[in-house]
Each structure stands twice: as structure tokens, then as C-alpha cells.
4 protein chains.
Amino acid sequence: MSVASVTPTYVTVSFVMTTEIGRPRDRGIGDAVLRATVELLAECSYADLSVDTIAARAGTSKPAIYRRWRGKAHLVHEAVFPRTATTELPDTGSLEGDVREMLRRTLMVLSTPAALAALPGLVGEMASDPTLHTALLERFGDVLVGALTDYVDAAAQRGDIRPGITAADLAEAVAGMTFLALLTRGALLDETWTERTARLITKGISP
Amino acid sequence: MSVASVTPTYVTVSFVMTTEIGRPRDRGIGDAVLRATVELLAECSYADLSVDTIAARAGTSKPAIYRRWRGKAHLVHEAVFPRTATTELPDTGSLEGDVREMLRRTLMVLSTPAALAALPGLVGEMASDPTLHTALLERFGDVLVGALTDYVDAAAQRGDIRPGITAADLAEAVAGMTFLALLTRGALLDETWTERTARLITKGISP
Amino acid sequence: MSVASVTPTYVTVSFVMTTEIGRPRDRGIGDAVLRATVELLAECSYADLSVDTIAARAGTSKPAIYRRWRGKAHLVHEAVFPRTATTELPDTGSLEGDVREMLRRTLMVLSTPAALAALPGLVGEMASDPTLHTALLERFGDVLVGALTDYVDAAAQRGDIRPGITAADLAEAVAGMTFLALLTRGALLDETWTERTARLITKGISP
Amino acid sequence: MSVASVTPTYVTVSFVMTTEIGRPRDRGIGDAVLRATVELLAECSYADLSVDTIAARAGTSKPAIYRRWRGKAHLVHEAVFPRTATTELPDTGSLEGDVREMLRRTLMVLSTPAALAALPGLVGEMASDPTLHTALLERFGDVLVGALTDYVDAAAQRGDIRPGITAADLAEAVAGMTFLALLTRGALLDETWTERTARLITKGISP
DNA sequence: GCTTAAACGAGACGGTACGTCACGTCTTCTA
DNA sequence: TAGAAGACGTGACGTACCGTCTCGTTTAAGC
């Protein structure tokens with residue numbers, strides 16, 4: 001008996017080459033559940049979202065969901081921040097243009113109805129669920145910090161960014177200010193905000 | 001019969017000159033409940049905190065709590081961010097010193113065990129409870145933005161801050177970066193972080 | 001300090017000649033409360049009747065009620081079965097006529113909207129409250145059994161009732177059958193029922 | 001989706017040939033709950049009996065109970081008057097012997113510690129809960145009146161009972177007098193009482 | 001074609017907390 | 001001291017959702 005059949009294999013371990021005996025999982029169910037989650041998050045808050053409702057909307061059942069995800073938080077996390085998110089770095093020619101582009105992309109991801117509804121809830125559950133904490137930071141790191149390291153290094157060597165500034169600093173500034181602005185101003189962040197904030201950050205990291 | 005006796009008054013609007021008929025609320029109960037809440041939040045997460053437990057620890061009862069607060073979230077909010085918070089502005093002589101002081105104070109408030117445990121939960125409930133959203137922003141605005149306006153104006157006139165930067169911008173930068181850093185790095189923000197971040201923000205808002 | 005001021009004096013001990021210092025009780029309040037109770041019992045069941053509601057309807061307050069009665073059950077008991085009930089015995093000339101009259105009177109008392117609503121509730125509380133048990137039986141005994149003793153004795157001596165039949169037997173038959181009929185048939189007991197039941201009881205106690 | 005899965009089925013209508021999808025109810029839980037209820041009713045009154053306590057004693061949870069019964073009253077009703085009650089008619093050879101036997105059986109059922117504790121409470125809740133009213137009368141009717149109809153008919157044809165007397169009359173007399181005697185005399189009804197009452201009823205229904 | 005093993009839907013399960021309600025008492029102010 | 005008003009502790013109510021489990025059924029892969 002393989003370990004995979006004892007410890008349920010969540011989506012992240014797809015590279016394990018188990019013999020895959022028995023009835024294979026219906027590929028469509030996972031997608032339907034993720035779609036239903038996003039839909040429902042556009043209609044109600046994270047707290048008001050129940051797994052039963054998701055299952056019903058997706059036309060499936062609760063066990064099928066818990067076979068795929070560790071819990072509600074993990075499901076929502078994957079639904080709102082899919083792994084497919086590209087991490088291509090911006091290249092507008094100027095530092096401020098790039099920062100502006102980063103802000104725009106961050107804002108685009110976070111101001112989705114689903115993200116707006118989910119983020120606070122996910123943040124709330126991070127405290128009690130270390131697994132989720134890791135998962136969220138991992139995604140955050142992958143998307144932003146990871147690819148950013150090279151960018152920051154290059155910019156530093158060009159002299160556009162003063163030494164000492166790390167990728168984490170930049171990511172923190174971009175994500176932190178976007179997040180708080182969304183919380184306080186409520187998803188209504190226009191181009192003006194992006195420009196003003198980009199200017200602030202760019203000046204902040206310049207030599 | 002006054003309206004106040006029908007719709008329970010959660011937040012005492014002290015300027016209303018009601019005759020205050022009937023047995024007055026035991027002032028000590030509210031305090032004991034707030035104290036108990038802060039204590040318990042140092043021991044468990046927001047989600048694991050139950051109203052029953054708070055009541056028991058405070059030596060009172062659930063109805064007594066629900067007479068005073070609309071729900072768990074509101075109680076926690078008031079316990080963690082009391083109205084008594086002073087908003088005195090820093091005055092170190094230099095802009096960067098002041099920003100550093102703002103970061104330090106924000107960090108001090110947010111890195112309390114109680115705040116660390118409560119914040120994610122509160123943010124999570126903001127989505128479903130507009131009342132709480134208002135209350136939280138109001139406190140945030142009172143404490144930070146409100147008093148900051150004069151500071152930013154003065155600094156702008158002195159030429160320390162470039163025109164166009166608002167108090168909200170500064171507050172957003174300070175709170176946003178602190179919040180995100182706490183989430184990602186987990187309460188372990190040393191003096192180095194404060195200095196680095198202060199430098200970033202200061203440069204960002206300078207002319 | 002008289003004992004009466006320590007142990008509150010409920011209605012039953014009115015013959016105690018206390019000095020009655022302080023503000024005398026408002027005589028009208030008791031009546032208003034009793035009236036309100038009867039009214040409300042015509043609109044809802046005993047369980048759905050709250051002391052707060054009674055106080056509001058009577059235009060008084062809860063403490064004023066608890067100063068007069070030991071609790072809800074005692075109040076309802078007195079409201080539904082007032083002490084003023086006369087116990088005059090029937091005298092129709094025939095035993096069967098007399099029994100029929102007893103049934104009619106019992107039915108009249110018990111089929112009041114208030115009585116119908118209150119009786120089950122009172123019976124329910126008898127179990128846990130011995131005081132109420134005593135009070136209810138006392139009233140029952142006063143009204144029915146007490147006066148009945150002489151009647152049964154006389155009838156026995158006339159030869160209308162066979163020896164061995166006691167007043168309690170007769171009362172039990174009359175009240176028991178009426179009570180159960182009310183419970184099962186629900187207050188719709190016509191004259192036919194009265195006659196049939198009177199015939200049964202009369203034959204049952206005849207020589 | 002069948003209607004049965006929407007409206008919870010409290011009383012199993014066993015003749016309906018549903019496919020019984022989903023996890024079947026644990027048969028043992030229902031039994032344990034009923035047993036616990038009877039046990040607890042021997043120790044405290046109906047009013048002092050809480051669903052939480054029952055759940056704890058039965059080793060199960062409150063939701064599991066509310067899945068099976070509409071509320072406390074219905075649960076107690078079924079616990080105290082199980083559907084298994086036999087309705088075999090007595091056959092002692094004489095009318096008076098049969099009536100005496102009916103009284104004895106009624107008394108046996110009603111003077112159980114559980115029944116004594118529960119009956120008043122149930123009667124009390126009948127008023128506010130029509131469903132319970134129906135359920136109680138149904139059981140009463142099933143057990144007593146139903147089977148009695150044939151008996152009364154046969155006795156009437158033999159000339160033992162005068163025409164006009166119905167099964168309901170007889171049931172009313174037996175149950176009513178027993179019930180009231182229990183209420184007033186408190187469970188201490190000896191054989192003498194049974195005999196005296198049997199004689200009264202027998203004479204009452206004889207030609 | 002038959003076996004095997006897992007996925008599937010449905011829904012019951014234990015657990016835990018929620019927010020509400022009523023009781024009967026206590027505390028304040030006013031008359 | 002009575003009275004009105006209303007807060008208090010107590011304790012139960014019935015509901016909701018979590019994540020797990022147990023059924024009977026379905027589906028693919030492998031012998």
C-alpha cells in the first residue's frame with residue numbers, strides 16, 4: 001500500500017508517480033469546485049461561504065472537496081490565487097514605469113471580487129493554520145519576491161536602485177500599500193493612486 | 001420610552017443627556033470583559049476565542065456581553081484598539097526620525113500578542129460586517145490619519161515633504177508596510193527593519 | 001424590622017397585622033396584573049407568556065409583580081382560579097340533575113380561554129414546585145371536595161348514593177373526566193357530553 | 001432529490017420504499033437517547049431536563065438529537081410512551097374485572113417515574129405545540145380507544161354495557177380518573193383505589 | 001469478463017460556538 | 001418604602017458550520 005493512499009494526495013504532489021489504482025479522480029470536479037468558489041465569493045464574504053454551498057453549486061459533494069483540499073481555506077486560496085499566475089517581470093524601460101506596472105498587476109489580482117472577499121478571511125485563518133500561512137507566503141513569494149530578486153540585482157548594478165534594498169523590501173512596499181489601500185478605500189483605486197504610489201516607492205528605493 | 005432603550009446602545013454616546021433611568025450598567029463588567037479578552041488573545045487565536053470563555057474569565061455572563069457589544073468582533077476590536085489610544089505626534093527634529101518613530105509606534109500597537117492574534121480575525125470579519133469595517137477604519141483614521149494631516153501640512157510648508165503627498169499616503173505607507181511585514185515575517189521585526197523602512201518612506205515622500 | 005419585610009408577604013398572609021410602614025402598595029396594580037394575565041392567556045399559551053409582557057400590559061414593572069407573587073405559576077394560578085369562586089352546591093332536586101350541574105360548572109371554569117391555556121402549564125409546573133401543587137390542590141379541594149362532603153353524606157343517608165362513595169371519588173370523577181375530555185376534544189364539549197357523562201357518573205355512584 | 005431529504009423525517013414512515021441514500025442513521029443513537037431520557041426523568045423533573053444533559057448521558061450530541069426529534073417534548077413523548085406499547089385487551093371473564101385490569105394497566109404506564117415526571121410537562125407543551133398535541137392523542141387513541149371499540153361493541157351486544165356508551169366514554173373515564181387521581185394523590189394509588197374506581201365505572205356503563 | 005480499489009453522491013456524525021430568550025433577583029433613581 | 005426601569009447571573013434553547021465517517025453505487029484499470 002503506497003503512502004499516497006494513506007496520506008491523501010492533495011494537488012501539490014502531482015509529480016509523485018503512484019500506480020494510481022482504482023477509479024481515477026474526475027478531473028472536472030476540481031475545476032467545477034474552483035469555479036463555484038470564485039463565483040460564490042463574488043456574492044458573499046469568506047465567512048458566509050460554506051463548503052456545503054460550494055459543493056452544491058459545483059454539483060458535487062463535500063467529501064469530493066475534502067479529498068482534494070485540506071480545508072476551506074486551502075480551497076479558497078487556490079481558487080483565488082491559481083498557480084497559473086504568470087510571473088513575467090515588467091519591462092517598461094524606466095524604474096518608475098516598472099513599479100507602476102507591478103502595482104497595477106498586484107492591484108488587478110487583489111481587486112478581483114473573489115480576492116477582495118477572500119483575502120481578509122485567508123489572512124484571518126493564517127494565524128491558526130501554519131500550513132495555510134506557508135502556502136500563502138509561498139505563492140506570494142513565488143509571484144513577487146522570487147522573480148524580483150534578479151530584477152532588483154540588475155537595477156542595483158545599473159545604479160537605478162540604491163544598494164541595500166532587497167527584493168523583499170520592494171515586494172513589501174508594493175503589496176503592503178496596495179493591501180492597506182484596498183482595505184481602507186475599498187477596491188476603488190484609480191490610476192491616480194497607482195501613479196502617486198509608484199512615485200513614492202520609486203523615490204524610496206532610488207539612490 | 002426613549003429610542004435608546006429600544007435599540008440597545010452599544011457605544012455610549014456620552015453627550016446625550018438622558019436621565020439614565022433603571023439600574024445602571026456595572027462599569028466594572030465592561031472593563032473586566034475587555035481585560036479578559038486581551039488576556040485570552042495572548043493565549044489563543046481569534047478563531048479559538050469563544051464568548052463563553054471570555055465571560056467566564058471576566059466573571060460575568062454572555063448576555064451581559066451582548067448587551068454591550070454587537071458581537072465578538074466588535075468586542076475584540078474595542079479590546080485590542082481601545083479608544084484611549086493617544087495620538088500624540090512624534091517630534092524628533094528630523095523627518096526620518098519622525099517616520100521611524102511612527103513605524104515604531106505602529107509596530108508596538110500591532111505586535112502586541114493580542115493585536116497579532118486579533119488583527120487577522122478582525123480583518124476577516126470586516127468583509128461581512130460593514131459596521132465593523134466602519135469602526136475599524138474610524139479608529140485607524142482617528143489614530144493615524146487624523147493627527148497626521150497637520151503634521152504633513154507643516155512639513156510640506158517647511159519643504160521637507162514634496163507637495164501632493166497627503167496624510168493618507170503617509171499613513172498607508174507606514175501601516176501597510178508594517179502590516180504586511182508582520183504577516184510575512186511574523187512579529188520578528190527588529191530595529192534594522194524599522195530603520196530600513198523609515199529610510200524608504202522618508203525618501204519616498206521627500207521632494 | 002418585622003418578619004414580613006424579610007420574607008415578602010404574598011397575598012395569602014394578608015391577615016398579618018404588620019405596622020405597614022413606608023409607602024403602601026398600590027392596590028390597583030395587583031388587579032391590573034391579574035387582568036392582564038387573563039387577557040394575555042386568551043392570546044397565547046402559558047409557555048409563551050412572559051412576565052415582562054404581563055408587566056408591560058398591566059402598565060407596571062416586574063419587581064412589582066414579584067413583590068406580590070412567588071413566581072409566574074402562582075400569578076397565573078390566582079388569575080385563572082380566583083379565590084372569589086363561590087362554592088354553592090347545586091340543588092336541582094335529583095341526583096343526576098345535581099351531577100349534571102356540577103359538570104356544567106366545572107366545565108364553565110375550565111373552558112375559559114385563560115383556563116384552557118393555563119391549566120396544562122400549571123399542571124406542568126406542579127411537578128417541580130410543591131408550593132404550587134399545594135396551592136392548586138387547596139383551591140381544587142376548597143371548591144369541590146370540601147363542600148361536597150356534606151352533600152355526599154346527606155345523599156348517602158337518603159339512600160341516593162351507595163355507601164363507600166366519598167366526596168373525593170365524586171370530585172375525581174367529575175373533574176377527571178372533564179379535564180381529560182377538554183384535553184382530548186379541545187374545549188368543544190356540548191350539552192350532549194354533559195348529559196352522557198352525568199348519567200355515567202350518577203349510575204356509577206348510585207346504590 | 002426526494003422530499004424526505006429536504007423535510008427531515010422525524011418519525012420513520014417505514015412503509016415508504018425510499019432508497020435510503022446517504023449514510024444511514026446510527027440506530028443505536030436513537031435508542032441510547034431514549035434510554036437516557038427515561039433514566040434522567042427518574043432523577044429530575046421535565047422542566048429541569050435539558051437536551052444537553054440527555055445528549056451527554058447518551059454519549060452523543062445535541063444536533064444528533066434534533067435530527068431525530070422536533071424538540072424536547074417530542075423526544076420525551078416517544079421515550080415515555082414508546083410505539084411498542086401493546087394494546088392487548090384484557091379478558092378476565094367479567095366486565096368489572098376487565099375494567100379493573102384497564103385501570104391497572106393505565107396506572108402502570110402513568111405511574112412510571114418517567115411518566116410521572118414527564119406527563120405534566122408534556123401536557124403543558126401540548127397547548128403551544130399542535131404537533132405534539134396530535135402525537136399525544138394519537139398514541140392515547142391507538143393504545144386505548146382504538147382497540148376498545150371492538151370490546152365495547154361486543155359487550156354492548158352481550159348486554160353487559162348499555163347502548164350509547166362509546167369506547168371514547170370508557171377511555172375518558174378510565175384515563176381521566178386515573179390522571180386526576182395521580183395528580184392529586186401523587187402516585188400512591190393502591191389496589192383499593194383501583195377496585196373502588198373500577199366499581200364506579202362499571203356501574204356507570206352498565207345497563 | 002471479472003476482480004479490485006478507489007472515487008463518487010448523499011447525508012449522518014461529534015464537536016463547538018453562536019446569538020437569543022426568559023426567569024427571578026438586584027440596584028439605582030424618583031415619588 | 002413602593003414603584004418604574006432595566007441590568008444582572010443562570011441556564012437552556014435551537015441553529016450553523018466544520019471536517020470526518022459510512023453507506024451503496026459507479027467507474028476505470030489490470031489480471
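**Entry 1: chain A**

I began with burial in chain A: buried residues make up 45% of its 207 residues. I took buried as under 20% relative accessible area, exposed as over 50%, and partly exposed as in between, with a 1.4 Å probe and protein chains only. This is a predicted model, where local features need pLDDT of at least 70, side-chain atom pairs count only at pLDDT 80 or more, and totals for chains, interfaces and linings use all residues. Residues are numbered from 1 along each chain as its sequence is written, chains are lettered from A and ligands numbered from 1 in the order in which they are written, and side-chain values use heavy atoms, with hydrogens and water left out.

Next I looked up the secondary structure. Chain A has 10 helices and zero strands. I took helices (H or I, at least four residues) and strands (E, at least two) as DSSP runs, numbered from the N terminus. I then checked contacts, meaning heavy atoms within 4.5 Å. Among the chain A contacts with a separation of 6 or more, 68% are between residues 24 or more positions apart.

**Entry 2: chain A against chain B**

I turned to the A/B interface. Chain A brings 40 residues to the contact and chain B brings 39 residues. The two chains bury about 3100 Å² between them, and 66% of that is on carbon and sulfur atoms. Buried area here is the accessible area (1.4 Å probe) that two parts lose on being put together, summed over both.

I counted 12 residue pairs in polar contact between chain A and chain B, both residues at pLDDT 80 or more. A polar contact is a pair of N or O atoms within 3.5 Å; within protein, one must be able to donate a hydrogen and the other to accept it, and residues adjacent in sequence count only if both atoms are side-chain atoms.

Which helices of chain A supply at least two residues each to the side that touches chain B? They are α7 (113-126), α8 (130-158), α9 (167-185) and α10 (191-205). α9(A) gives the most, with 14 residues. By class, I found 21 nonpolar, 11 polar and eight charged residues on this side of chain A. Nonpolar covers Ala, Val, Leu, Ile, Met, Phe, Trp, Tyr, Cys and Pro; charged covers Asp, Glu, Lys and Arg; the others, Gly among them, are polar.

**Entry 3: salt bridges across A/B**

I looked for salt bridges, each a side-chain nitrogen of Lys or Arg within 4 Å of a carboxyl oxygen of Asp or Glu. The rule finds four across the interface of chain A and chain B. Over all chains the count is 40.

I picked out two. In one, B:E172 pairs with A:R185, with the closest N and O atoms 2.8 Å apart. B:E172 lies in helix α9 of chain B and A:R185 in helix α9 of chain A, so this pair joins two chains. B:E172 is buried at 4%, while A:R185 is partly exposed at 30%.

In the other, B:D169 pairs with A:R196 at 2.7 Å between the closest N and O atoms. This pair crosses from helix α9 of chain B to helix α10 of chain A. B:D169 is buried, with a relative accessible area of 5%. A:R196 is partly exposed, at 30%.

I superposed the copies by least squares on the C-alpha atoms of residues with pLDDT of at least 70 in both. The same surface serves both copies, since 98% of the contact residues of chain A recur in chain B.

**Entry 4: chains D and C**

Chain D puts 39 residues in contact with 40 residues of chain C. They bury about 3100 Å². Four salt bridges cross this interface, including C:E172 with D:R185 at 2.8 Å, N to O. A rotation of 179° with 0.1 Å of shift along its axis superposes chain D on chain C, at RMSD 0.3 Å.

**Entry 5: one histidine**

Is C:H74 buried or exposed? I found C:H74 buried, at 11% relative accessibility. The residue sits in helix α5 (residues 72-80) of chain C. Leaving aside neighbours within four places in sequence, C:H74 contacts C:W69, C:D129, C:T131 and C:L132.
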